[in-house]
Amino acid sequence: MPSLHLNNLTKRFSRHTALHELSLTVQEGEIFTLLGPSGCGKSTTLWSIAGLHQPDSGSIAFGDHIVFDHGRVDIEPEHRNCGVVFQSYAIWPHMSVAANVGYPLKLRKTARAQREQRVREVLDLVELGDHASAYPHQLSGGQQQRVALARALAHPPDMLLLDEPFSNLDAKLRDRSRQWLKNLQSQVGVTTVFVTHDQDEALSVSDRVAVMNQGRVHQVGTPDEIYEHPADLFVADFVGTANILTATVTQADGTHALLRVDGLDQPLRVPHTDRRLGRVRVCIRPESIDIHRRTSTGAAPPDTLTVTVENRAYLGDHYRYTVRIGATPVTVTTTRPVSDGELTISLPPGDIRVFHEETPSAVLGETPSNEENPHASVR
């Protein structure tokens with residue numbers, strides 16, 4: 001299966017620029033997810049790959065094969081050999097499952113015997129071999145989604161493009177479908193570009209993730225790199241739950257910084273590679289905040305802060321508390337309940353990410369490096 005190369009793609013809709021010189025490389029055989037809020041340009045990117053949008057500049061290549069180079073090459077969608085699964089599945093209600101799956105082969109005038117054999121193969125692959133004669137209205141949402149995926153795989157594609165395929169499923173079925181897709185993709189080995197705004201989805205199925213906003217890529221990395229080492233404040237705030245606090249760097253030597261967080265009495269010495277001083281924003285995940293149980297004498301450990309619980313939620317496998325550090329609401333999670341209305345907490349310096357306010361990409365320590373629909377609107 002070929003790799004995918006997007007080079008300096010720009011796409012405009014009237015006065016709105018949906019993509020700003022976007023460049024990405026998707027490795028052969030990986031699941032690569034475009035993650036971002038509505039309107040960030042992720043679906044515009046997907047449809048540009050499929051040939052359903054024509055960028056205003058830039059180029060697209062499948063391996064060494066250029067499928068788009070503005071003003072020079074523009075291979076028609078039907079000749080790009082992309083398997084596409086739409087958000088709405090777009091399966092035909094008047095056709096059986098087998099007829100839906102075999103339709104791309106019929107269009108290519110594949111011999112009937114060969115077509116029927118391939119339909120059986122892909123239906124078995126998506127675990128729908130015993131539903132070949134059923135019609136879409138007789139299937140569950142998850143089964144319809146698998147029919148759409150089987151149709152995309154019927155003629156072995158060079159590229160599999162998925163536009164939020166699980167958005168119409170309930171939460172439990174989405175979880176099962178994600179794992180099922182990951183297992184299926186590992187069997188098929190097709191290079192896959194997956195579009196979603198669901199962070200759990202992106203983190204659970206992807207080999208790598210590109211976080212997008214306003215037509216630009218903010219960071220590319222593995223799921224753990226994206227979550228643990230966000231490249232800027234947008235990524236930190238968008239992916240997962242993040243507590244964003246204001247602070248001041250009073251000393252910095254290029255290895256560590258002395259940080260005074262608003263609302264904390266004691267300064268924190270944190271790993272930090274930037275030598276600049278001044279106001280910053282810091283990020284810490286709820287699960288990273290330490291909760292200290294009171295000692296038998298009732299004394300709080302040193303370098304801690306006792307805060308009042310303003311809100312509490314029981315979420316089955318953990319408890320979520322809202323407290324306040326200074327004037328800022330802060331979320332804290334723990335697997336053990338707190339019996340009274342107070343928490344004694346501390347912020348582990350190694351889990352704090354520091355971002356200088358005037359530049360969006362100042363980061364703590366080592367971080368991963370950045371890389372450079374058939375609908376009219378941008379998703």
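Tutor: Start at lysine 109. This residue comes just after α2, and its phi is positive, about 60°. Helices here are DSSP runs of H or I with at least four residues, strands are DSSP runs of E with at least two, and both are numbered from the N terminus. A word on the source: this is a predicted model, in which local features need pLDDT of at least 70 and side-chain atom pairs count only at pLDDT 80 or more, while totals for chains, interfaces and linings use all residues. Residues are numbered from 1 along each chain as its sequence is written, and side-chain values use heavy atoms, with hydrogens and water left out.

Now step back into the helix. The buried residues of α2 are Val97, Asn100, Val101, Gly102, Pro104 and Leu105. Buried means under 20% relative accessible area, exposed means over 50%, and partly exposed lies in between, with a 1.4 Å probe and protein chains only. What covers these buried residues? The cover includes α3 and α4.

The largest pocket has a volume of about 570 Å³. Its lining has 19 residues, and Cys82, Gly83, Val84, Pro104 and Arg108 are the closest to its centre. A pocket is found on a 1 Å grid over the protein atoms alone: it is an open set of points where a 1.4 Å probe fits, with protein on both sides within 12 Å along at least five of seven lines, and lining residues have an atom within 4 Å of a point. Points are joined across faces, edges and corners, and the volume is the space filled by probe spheres set on them. β7 (82-85), α2 (97-107) and α4 (141-154) each supply at least two residues of this lining. By type, the lining splits into 13 nonpolar, three polar and three charged residues. Here Ala, Val, Leu, Ile, Met, Phe, Trp, Tyr, Cys and Pro count as nonpolar, Asp, Glu, Lys and Arg as charged, and the others, Gly among them, as polar.

Move on to α3. Aspartate 124 sits in this helix, which spans residues 112-125. Aspartate 124 is exposed, at 51% relative accessible area. Then comes glutamate 127, in the loop between α3 and α4. Its phi is positive too, near 65°, in a residue other than glycine. Glutamate 127 counts as exposed, at 52% relative accessibility.

Glutamine 214 is not a glycine, yet its phi is about 50°. It lies in the loop between β10 and β11 (216-221). Glutamine 214 counts as exposed, at 56% relative accessibility. Asparagine 213, by contrast, is buried, with a relative accessible area of 17%. Asparagine 213 belongs to strand β10 (residues 208-213). Leaving aside neighbours within four places in sequence, asparagine 213 is in contact (heavy atoms within 4.5 Å) with Pro37, Cys40, His218 and Phe234.

Follow β10 back to arginine 208. Its side chain meets that of glutamate 30 in a salt bridge, 2.8 Å from N to O. Glutamate 30 lies in the loop between β2 and β3 (31-35) and arginine 208 in β10, so the pair ties together parts 178 residues apart in sequence. A salt bridge needs a side-chain nitrogen of Lys or Arg within 4 Å of a carboxyl oxygen of Asp or Glu. Both partners are buried: glutamate 30 has a relative accessible area of 8%, and arginine 208 has 13%.

How many salt bridges does the structure hold? It holds 12. Another joins arginine 279 and aspartate 262 at 2.9 Å, N to O. Arginine 279 lies in strand β15 (residues 278-284) and aspartate 262 in the loop between β13 (256-261) and β14 (268-271), so this pair ties together parts 17 residues apart in sequence. Arginine 279 counts as partly exposed at 40% relative accessibility, as does aspartate 262 at 30%. Elsewhere, Asp175, Arg178, Asp198 and Glu201 are linked in a salt-bridge network.
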